[in-house]
Amino acid sequence: MNGARPVTAVLRSSSTRARSAARDFRGWLRASEVSFIGLAILVGAGAGLLSVVIGAVARALQHLLFALPPDSRLSGVSRLGLASLLILPLGGLVLAGFSYATKARKRRLVDAVEANALHGGRMSVSDSLVISGQTMLSNGFGASVGLEAAYAQMGGAAASVLGGWLKLRRADQRTLVGAGAGAAIAAAFGAPLAGAFYAFEIVIGTYSPAAIAPVAAAALAGVLVAQGFGVQPYLIDVTSQTLVEPHHYLIYGALGAICAVLGIALMRAVGHVEHLSRQPWLPDWARPAVGGLLLIPVALLSPQALSAGHGALHADLAVGASIGFILLVMGVKTMASIISLGFGFRGGLFFASLFLGTLLGHVYADILTLVTGHVVIDPRNAAMVGMAAFAVAVVGGPMTMAMLVLQSTHDFSLTGAVIAASLVASSIVRETFGYSFSTWRLHLRGETIKSARDVGWVKTLTAGRMMRKETRPTAAALTIAEFRRAFPLGSTSRVVLTDAQDHYAGIVVVPTAYADGVDATAAVGTLATGHRKVLTPEMDIAAVMAGFDTAHTDELAVVADDGRVLGLLSESYVRRRYAEELEKAQREVFGER
């Protein structure tokens, strides 16, 4: 027993030194920009590896279930029999079982965009595994969804875990999550520039000078890891010998406008079908199975409607299909995407929008040729412009799609046309709709965010947190004479009143009780104002400022649901706090500590 004490003391001392060393290491990593870039490279490599695993699992599942040839993809096969397509409703049941087993339908799952917008980049590993599992099952069983949601989710989650362990600052945590998600997309497409811009435009929500180096390094690391495993990227191998002339920009701008209109229609259709599928007579567990049954006749028309569409996209561009066939594929792919997402399959519209955009651009060029009697724009160029513009309309990120086209074609003149059409599509969508597909789904769920821009601090600055607590509300039945004795001039500016049930009864400006002609025997409640203009403790700072704008007063009471007075809040204090937080956010954007 006597010998145990020194051993225990040594172990305790070693544990203390280890914790101290860990704290010093974390502090060094947080303070050094070079070390943060190193962290981003580590996260990018991990995200690239996760993308390789997710893609391999989903493809293996498709090959096993649909008995595909070794080098083919599901959407690239010529036809599928009815027996094979029965896998679709079976997949819906499997997905429902997985969601039930993981209790996914009983909790709110947060993706990388929402995490960066509202939660400072904090993501749940268990929720991310559920989202990725649902996406892999949906894609593996043939639903018309892509894997990009799973890629970005797991890349962002890996970054969030590492950033949480290191206790990174909020801005650094958000940057690291964006770098992880962008690296995963870069690995899938073999396009580091596209992945980096995906991080900035889709996940972080802004271009930050301080984030350029870590995000770019992470994207490059993700691509190198994927290439090291021999993964074939999703790049579209298209070359054209036709140069883009300056007047073509106007023609492609019109294509961008068409893409915007159709993109908005697609997003609204998904939301409408999802609403219709959530009827009381259709239980949640049955929705994916019903969706799988509805996909069968669509897939019988063309298997190109299934899965993400990689095989179909390459096949259609290589063959140069007729207008009629392209219109058929556009119709079935659109229906399949709406059904899949509307009936509960998990995934996104990233690659589906790329696929539909190429078809739309090809049809656009062919129609112009038929109308004018000669080739106006090259169909392959139009396919690339349509691909980018339609994806921008649905997913967002004009520079992301421009870099994807550039790294696919190595054609700078075409990339200029892509940027022009993408900006047209983006402007129209922002003006008339205001959401990308990811934020549109959040809007349907009740959120108000329109991008991944950090608005979490707005949500956390609530009236309950900012108010000055009112410890002794004054009875409204008190006479004005008694009120004068209790509150001499200069003691305070405003007093909150309550009725006999301790419910809020208005605010009295103290000097009004001393005005000439006031009946000192009357109840002080007769001088109260603002009876119906109150704040609730959960209102965020934006709602609080809107409340002051409509109330036209300097102070408002914060009142609980049961009518009890909790505190007071002044407009000057609220606006000062808002300005402070804005300045802090601005410093973080430019990397100032």
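Biologist: How many aromatic pairs does the structure hold?

Modeller: Seven of them. Rings of Phe, Tyr and Trp (its six-membered ring) pair if their centres lie within 6.5 Å; planes under 30 degrees apart are called stacked, over 60 edge-to-face, and the rest tilted. Bear in mind that this is a predicted model, where local features need pLDDT of at least 70 and side-chain atom pairs count only at pLDDT 80 or more, while totals for chains, interfaces and linings use all residues. Residues are numbered from 1 along each chain as its sequence is written, and side-chain values use heavy atoms, with hydrogens and water left out.

Biologist: Why is the pair of Phe-189 and Phe-351 called stacked?

Modeller: The ring centres are 6.2 Å apart, which is within 6.5 Å. The planes of Phe-189 and Phe-351 meet at 20 degrees, under 30, so the pair is stacked. Phe-189 sits in helix 8 (residues 170-189) and Phe-351 in helix 15 (residues 350-372), so the pair ties together parts that are 162 residues apart in sequence. Helices here are DSSP runs of H or I with at least four residues, strands are runs of E with at least two, and both are numbered from the N terminus.

Biologist: Why does Phe-189 count as buried?

Modeller: Buried means under 20% relative accessible area, exposed means over 50%, and partly exposed is in between (1.4 Å probe, protein chains only). Phe-189 is at 1%, so it counts as buried. Phe-351, at 0%, is buried as well, and so are Tyr-198 and Phe-350.

Biologist: Which residues touch the most other members of the largest nonpolar core?

Modeller: Phe-189 is one of them, and others include Val-215, Tyr-252 and Leu-354; that core has 135 residues. A nonpolar core is a set of buried Ala, Val, Leu, Ile, Met, Phe, Trp, Tyr and Cys residues joined through side-chain atoms within 4.5 Å. Apart from this core lies another, of 16 residues, among them Ile-541, Leu-556, Val-558 and Leu-569.

Biologist: How do you know whether Ile-541 is buried or exposed?

Modeller: Its relative accessible area is 0%, under 20%, so Ile-541 is buried. Ile-541 is found in helix 23 (residues 541-551). Not counting residues up to four places away in sequence, Ile-541 touches Val-458, Leu-461, Met-466, Val-574, Arg-577 and Tyr-578, where contact means heavy atoms within 4.5 Å.

Biologist: Why is strand 7 described as largely enclosed?

Modeller: Five of the six residues of strand 7 (residues 565-570) are buried, so the rest of the structure largely encloses this strand.

Biologist: How do you know that strand 6 pairs with strand 7?

Modeller: Two strands pair if DSSP finds at least two bridges between them. Strand 6 (residues 555-559) and strand 7 have five, and they run antiparallel. Glu-555 stands opposite Ser-570, and Val-559 has Val-565 as its bridge partner. The two strands form a hairpin with five residues between them, and Gly-563 in the turn has a positive phi of about 95 degrees.

Biologist: What makes strand 1 and strand 5 edge strands?

Modeller: The sheet is open, with four strands in the order 1-7-6-5 and mixed pairing. Strand 1 and strand 5 (534-535) each have a single partner strand, so one side of each is left without a neighbour in the sheet. Strand 1 (residues 468-469) is joined to strand 7 by two bridges, running antiparallel.

Biologist: How do you know that the length of helix 7 agrees with what it should span?

Modeller: The expected span is 1.5 Å times one less than the number of residues. For the 18 residues of helix 7 (residues 148-165) that gives 26 Å, and the end C-alpha atoms are 26 Å apart, which agrees.

Biologist: Why does Arg-484 count as sitting over the ring of Tyr-514?

Modeller: The rule asks for NZ of Lys or CZ of Arg within 6 Å of the ring centre and within 35 degrees of the ring normal. The charged end of Arg-484 sits over the Tyr-514 ring, 5.6 Å from its centre.
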